Amino acid sequence: MSVEKYLTLSDGRTLAYEDVGDSSSNLVVIFFHGVFGYGSAPGPGLLSPVHVAKNVHNIAPTLPGWGCSSPRNPSKTFRETLISDTTELITHLHPNTADLRIYISGGSYGTIAAQMIYGAPFDEFPLGRKIKGCLLLAPLSYFKCHKGYSKSMTWIDYISVGPMARYLPFQPIQRLGAFGIYMMVTTEDKAEALMRKQLFDSAPPEEREAFKRWREQRGLKEGELERTMAKNMFKSTSKTWAGFIEVPDVAHSDWGFQPNQLDDEHTKNRPMLIAASAHDDLGPDMANWLHENYRNSTLKWVPGKHLSTLYELDGLWAELLKDEPAGVPS
């Protein structure tokens, strides 16, 4: 079982992370969590059999301002902080980077971080040359370039991360939202009740059936995943709400590149697999836009709502890693 670890960064901040698998393996998967998550490596029953067979070293960093990771320094953008933090974490865990083969992945809000790292210019992120592929689950698009990003959003999402949340001064929507959610998740039991209501109780029948099969295959008890996610939610904001408050700013920020203008070095032999839920409240437009703008991408639609890509994760990793040899000590 993974244990949370802490890396003191060169700027004095703390980066929390978990990792699991062979830490000497040169095949590395980095996963960026979504809103109300933190860097939690897969526990017993949740680690993909493909990752076990391929001898993958799984690394799950906690994004700035979430969980036990320090908020970013205001003098640096989220993108600059992310690139710097990711570089330091990789080189800390794998000092010998010559033979590394890295796959970047993320879920929901974490797909923004995954794309920022995947598309980062190599002069800013030299380790980007080691990236061999990317997996995006229930993704968000690049709002700055995607003019129709809000077309299919629900009103709640539109208010939370849409134009008003980005341009109103002093971040009133985010701060009011943080206070309102805080009152609903003051205990882990309250967090679990909210999690069940938002993600599980409203799931369509086909997603509930997929969830049941997925849970039984992994030997998870009924309610175990819900309680784990509730604990993650509670922990993610137990020290600070800085990460939550800056979500709209990050979503609307400059990523440092345009997906449809990435050069051959960023796209050739670096496949991107996009997995989207057919009935996600975010709508289909973001996933379609990403597929249209990343020329090396494949788009897979999964039945269900926002969480349903989780239940298809083993198959998605099997597809992305099918030609990848097993990791060896680096």
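Analyst: A residue is called buried here when its relative accessible area is under 20%, and exposed when that area is over 50%. The model is a predicted one. With these cut-offs, the buried residues of helix H8 are Glu207, Ala210, Phe211, Trp214 and Arg215. They lie on the same side of H8, because the arc they cover around the axis is only 130 degrees. On the face turned away from that buried side, H8 carries the exposed residues Pro205, Glu216 and Gln217.

The helix itself spans residues 205-217, 13 residues in all. From its first C-alpha to its last, H8 reaches 18 Å, close to the 18 Å expected at 1.5 Å a residue. Just after H8, glycine 219 adopts a positive phi of about 70 degrees.

Elsewhere in the chain, strand E7 (residues 272-277) pairs with strand E8 (residues 297-302) in the parallel sense, over 6 bridges. Within this pairing, alanine 276 has tryptophan 301 of E8 as its bridge partner. Together with helix H13 (residues 285-293), E7 and E8 make a right-handed β-α-β unit.

The largest cavity has a volume of about 70 Å³. Helix H2 (residues 78-93) supplies the largest share of the lining of that cavity, 5 residues. Among the residues that line the largest cavity are Leu15, Phe32, Pro61, Thr81, Leu82 and Asp85.

Definitions and conventions. Residues are numbered from 1 along each chain as its sequence is written. This is a predicted model: local features need pLDDT of at least 70, side-chain atom pairs count only at pLDDT 80 or more; totals for chains, interfaces and linings use all residues. Side-chain values use heavy atoms; hydrogens and water are left out. Helices (H or I, at least four residues) and strands (E, at least two) are DSSP runs, numbered from the N terminus. The expected span of a helix is 1.5 Å times one less than its number of residues. Buried means under 20% relative accessible area, exposed over 50%, partly exposed in between (1.4 Å probe, protein chains only). The arc is that of the directions from the helix axis to the C-beta atoms. Two strands pair if DSSP finds at least two bridges between them. A crossover is right-handed if, with the strands pointing away from the viewer, the path from the first strand over the helix to the second runs clockwise. On a 1 Å grid over the protein atoms alone, a cavity is a set of points where a 1.4 Å probe fits but cannot get out, and a pocket is an open set with protein on both sides within 12 Å along at least five of seven lines; lining residues have an atom within 4 Å of a point. Grid points are joined across faces, edges and corners, and a volume is the space filled by probe spheres set on the points.
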